[in-house]
Amino acid sequence: MEKGENDPKDVQRKEKAKMQLKRNIGYFDGVSFIVGSIVGAGIFVSPTGVLKHSLLNVGIALTIWTASGLVSLMGALCYAELGTALPFSGGEYSHIKRGLGSLPAFVFIWTSTFTKPASNAARALLFAEYATQPFYGICPAPDVLKKCLALAVLWSLGILNGLSVKMAAWVQTIFTLLKMMALSVIAVSGIVFLVARQKESLARFEDMFGSEIPNTSQVAEAFFQGLYAYGGWWSLNYMAEEMKSPSRNIPLTVMTAVPAVIVFYLLVNISYLTVLTPKEIVSSVAVAVTWADRVIPSVAWIIPLSVAVSIFGALNSSMFTLGRLSYAGSQSGHLPVLISMLNVHSCTPAPAMIFSTTIASIFIIPSDLITLTNYFGFSAWLMIGLTCASLIVLRYREPHLHRPYKVFLPVPFVMVAMSFFLVLAPIVWSPNLQYVYAFLFMLGSVIVYLPFIHFKLHFAFLDKITCHLQLLLEVCPADESAKGKCE
């Protein structure tokens, strides 16, 4: 028989030659990515916000921690339906593009291209703060040293994520285990203290709702603080294209990771309240450090180290997902074509990782830029609302789309309402001119969208630059032979 295009060996060889993201992320990797994304420095350093805005009312504070976790779980279940029905890289971007169209998706990626790297830069600087402080005692560490360390961490993780998905997932799993061990020490110690000092400790919880009741705006502010601590539950959908058995693993991963974080957050808060009074918690700059000084003074240094480890894990997860967002945007023609190319050796989106890491590095050098992006906080919930709206639109517009998992339909409606409340509330309660600038910046995406995306304006010299960079980086377009057109 002649060796033709139907030869099984030839077909197999062609499949192997295809460049595409590989499905290397399993169930446990997915759980570690979600948990690692959610648990950053917040639960160790500043759970004071919820308690402060709850007017030191322990019962309301714990209720808000629970409610914030349940809202995050509802959002994660909405994303689980979209991730199983449309298992593509890009997270919200891919879902908004499918449900609401190209322009809203471009506004999302335009905004995220700046805000998400700025968030990564802030995490890297915070890691550098905690990593260097033990060497300087009560004196502040030099800014140059912190910025150099932050840049080193950013590029180390950027290179790691650009070289190997398996290695990045392994690092994420290790650091997630380490941070959960630290949380377990706090949670278990709290339970031991609760049992050992039963009368004294239980007295703080007997009349939990007895103190002053906060008003509506104070409850809402406490709710903002709680939701911020759960931020990151949306990360799994960015890597849906690389999940093994996504129709099974995405919902299972979400239903494992988010409830686990809720339980840990509640146990850790109870532990803090067992050892410290509400006034001590609110007056503490870093609650976990104050707790450690009281409970384990001889090894209290473990907590600052745990904070650094926690930030490092959250940064790794955030950089991984940001690379997939840039990759998806480029595949759709919303970013330069080079960014969607894959390394011919590792099949990883190396150009996307270089792109996002470079932008984050720019934010580190004049770190005042990071403060400007604080006013874009509302945009995260705006995009969550649009994503859940996309789910509703797709339910009615594409009823026959295969959905291995379907969330209860009222849930996305609740999430849309909740999202738009969280967008409008800070603007209405504390109006600031910077919000106008942030909104104008988002609208500015239309000026770029019309000529370059809608009317497809293109400059020929960019093709030559792309070709040279393709050879330099050893990358080629996804789903094409390893022999790129430039060779």
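**Exercises on a predicted model**

**Exercise 1.** Carry out the analysis for S245: where does it lie, and is it buried or partly exposed?

*Solution.* S245 belongs to the loop between α11 and α12. With a relative accessible area of 46%, S245 is partly exposed. Although S245 is not a glycine, its phi is positive, at about 45 degrees.

**Exercise 2.** Classify the ring pair of F127 and F312, and state which parts of the chain it ties together.

*Solution.* A pair of aromatic rings is described by the distance of the centres and the angle of the planes. The count of aromatic pairs comes to 17. For F127 and F312, the centres are 5.7 Å apart and the planes stand at 50 degrees. Planes under 30 degrees apart count as stacked and over 60 as edge-to-face, so this pair is tilted. F127 lies in helix α7 (residues 102–136) and F312 in helix α15 (residues 302–331), so the pair ties together parts that are 185 residues apart in sequence. F127 is buried, at a relative accessible area of 13%, and F312 is buried as well, at 17%.

**Exercise 3.** Describe the pair formed by Y230 and Y265.

*Solution.* The ring centres of Y230 and Y265 are 4.9 Å apart, with 45 degrees between the planes, and the pair is tilted. Y230 lies in the loop between α11 (216–229) and α12 (246–275), while Y265 is in helix α12; the pair links distant parts of the chain, 35 residues apart. Both Y230 and Y265 are buried.

**Exercise 4.** What is the orientation of α9 and α14 to each other, and which residues meet?

*Solution.* Two packed helices are described by the angle between their axes and the distance between the axes. The axes of helix α9 (residues 165–196) and helix α14 (residues 287–295) cross at roughly 50 degrees and come within 12 Å. The two helices are therefore oblique to each other. The crossing of α9 past α14 is left-handed. In α9, V185, I186, S189 and F193 meet A288, W291 and V295 of α14.

Key:
Residues are numbered from 1 along each chain as its sequence is written. This is a predicted model: local features need pLDDT of at least 70, side-chain atom pairs count only at pLDDT 80 or more; totals for chains, interfaces and linings use all residues. Side-chain values use heavy atoms; hydrogens and water are left out. Rings of Phe, Tyr and Trp (its six-membered ring) pair if their centres lie within 6.5 Å; planes under 30 degrees apart count as stacked, over 60 as edge-to-face and the rest as tilted. Helices (H or I, at least four residues) and strands (E, at least two) are DSSP runs, numbered from the N terminus. Buried means under 20% relative accessible area, exposed over 50%, partly exposed in between (1.4 Å probe, protein chains only). Axes are lines fitted to C-alpha atoms, for helices over the stretch in contact, and angles run from 0 to 180 degrees between N-to-C directions. Angles under 35 degrees count as roughly parallel, over 145 as roughly antiparallel, 65 to 115 as roughly perpendicular and the rest as oblique. A crossing is left-handed if the near helix is turned anticlockwise from the far one by less than a right angle, and right-handed if clockwise. Contact means heavy atoms within 4.5 Å.
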